[in-house]
Amino acid sequence: MKSTVVIKGNKYGMTVILDPEVPFEKLLLDIATKFEESAKFWGSAQMTLTLAGRPMTPEQEFAIVNVITQNSQVEILCLVDQDANRIKRCEKALNEKLLELSATTGQFFRGTLRSGEQLESETSIVVIGDVERGAKVTAKGNVIVLGNLWGSVTAGVAGNEDMVIVALEMAPTQLKIADQVRQFSEKGKKLGKGPVTVSVENGTMCIKTMKKGLFDLLKFN
């Protein structure tokens with residue numbers, strides 16, 4: 001019997017090939033079974049996901065990602081899409097979401113902060129770009145970097161330890177939340193693989209690979 005779901009590894013993650021004839025609800029059940037059976041093989045991993053074999057709506061893609069993460073320890077970092085027009089639509093939707101958030105919550109800065117530059121915020125701030133080595137970001141709330149964080153960041157500058165620092169990649173020189181400070185002497189050493197969140201737990205600064213969607217952490221003050 002022909003399998004309705006075929007999983008293949010690729011250079012950056014996995015490709016899931018889906019039967020174009022099977023009803024979508026049945027396909028979701030087959031995906032759940034396939035990933036539950038192969039959970040030990042894939043283990044705990046972060047991967048990109050390419051979906052092939054049939055056209056799908058964004059809602060269907062989201063449902064597939066949910067089924068995969070619920071039935072395995074695989075974390076999907078992003079969907080790889082060769083449709084240039086849809087990539088542009090997704091980028092447009094993201095920009096609109098960022099503008100909506102900036103109007104009602106914290107501040108947004110678009111661009112790369114270079115060595116010697118400083119950025120300060122009286123609330124939380126999202127940097128849409130990189131924070132290069134020698135640059136510094138300071139905020140009373142959270143600091144979210146939608147790019148690489150190589151410089152110094154201070155969150156919760158008024159003493160609030162509930163704030164977080166998040167970046168898509170981190171190899172910082174210094175991180176500070178309220179009174180908790182960590183210095184990093186090894187230049188270029190990344191803190192974890194992929195997106196990382198830094199928080200204070202029981203009086204200690206904790207660095208963890210992100211296990212939730214980025215916008216789940218955007219709780220501004």
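Colleague: Let's start with Thr15. Which strand is it in?
Modeller: Thr15 sits in strand β2, residues 13-18. Strands here are DSSP runs of E of at least two residues, helices are runs of H or I of at least four, and both are numbered from the N terminus. Keep in mind that this is a predicted model, where local features need pLDDT of at least 70, side-chain atom pairs count only at pLDDT 80 or more, and totals for chains, interfaces and linings use all residues. Residues are numbered from 1 along each chain as its sequence is written, and side-chain values use heavy atoms, with hydrogens and water left out.

Colleague: OK. Is Thr15 buried or exposed?
Modeller: Thr15 is buried, because its relative accessible area is 17%. The cut-offs are under 20% for buried, over 50% for exposed and partly exposed in between, with a 1.4 Å probe and protein chains only.

Colleague: And how far is Thr15 from Val80, C-alpha to C-alpha?
Modeller: That's 9.2 Å, with the two residues 65 apart along the chain.

Colleague: Switching to helices. How do α1 and α3 pack?
Modeller: Helix α1 (residues 24-37) and helix α3 (residues 58-70) pack at about 25 degrees, with their axes 9 Å apart. Axes are lines fitted to C-alpha atoms, for helices over the stretch in contact, and angles run from 0 to 180 degrees between N-to-C directions. So α1 and α3 are roughly parallel to each other, a label for angles under 35 degrees.

Colleague: Which residues of α1 and α3 meet there?
Modeller: From α1 you get Phe24, Leu28, Ile31, Ala32 and Phe35, and they meet Gln60, Ala63, Ile64, Val67 and Ile68 of α3. Contact means heavy atoms within 4.5 Å.

Colleague: Now the sheet. What's the strand order?
Modeller: The order is β6-β8-β10-β12-β13, five strands in an open sheet with mixed pairing. Two strands pair if DSSP finds at least two bridges between them. At the edges are β6 (118-121) and β13 (180-183), each pairing on one side only.

Colleague: In what sense do β6 and β8 pair?
Modeller: Parallel, over four bridges, with β8 covering residues 136-139. Gln118 has Lys136 in β8 as its bridge partner.

Colleague: Last one: what does Thr138 touch?
Modeller: Thr138, which is in β8, contacts Leu119, Glu120, Ser121, Thr154 and Val157, leaving aside its neighbours within four places in sequence. Thr138 also counts as buried, at 15% relative accessibility.

Definitions and conventions
Parallel < 35°, antiparallel > 145°, perpendicular 65-115°, else oblique.
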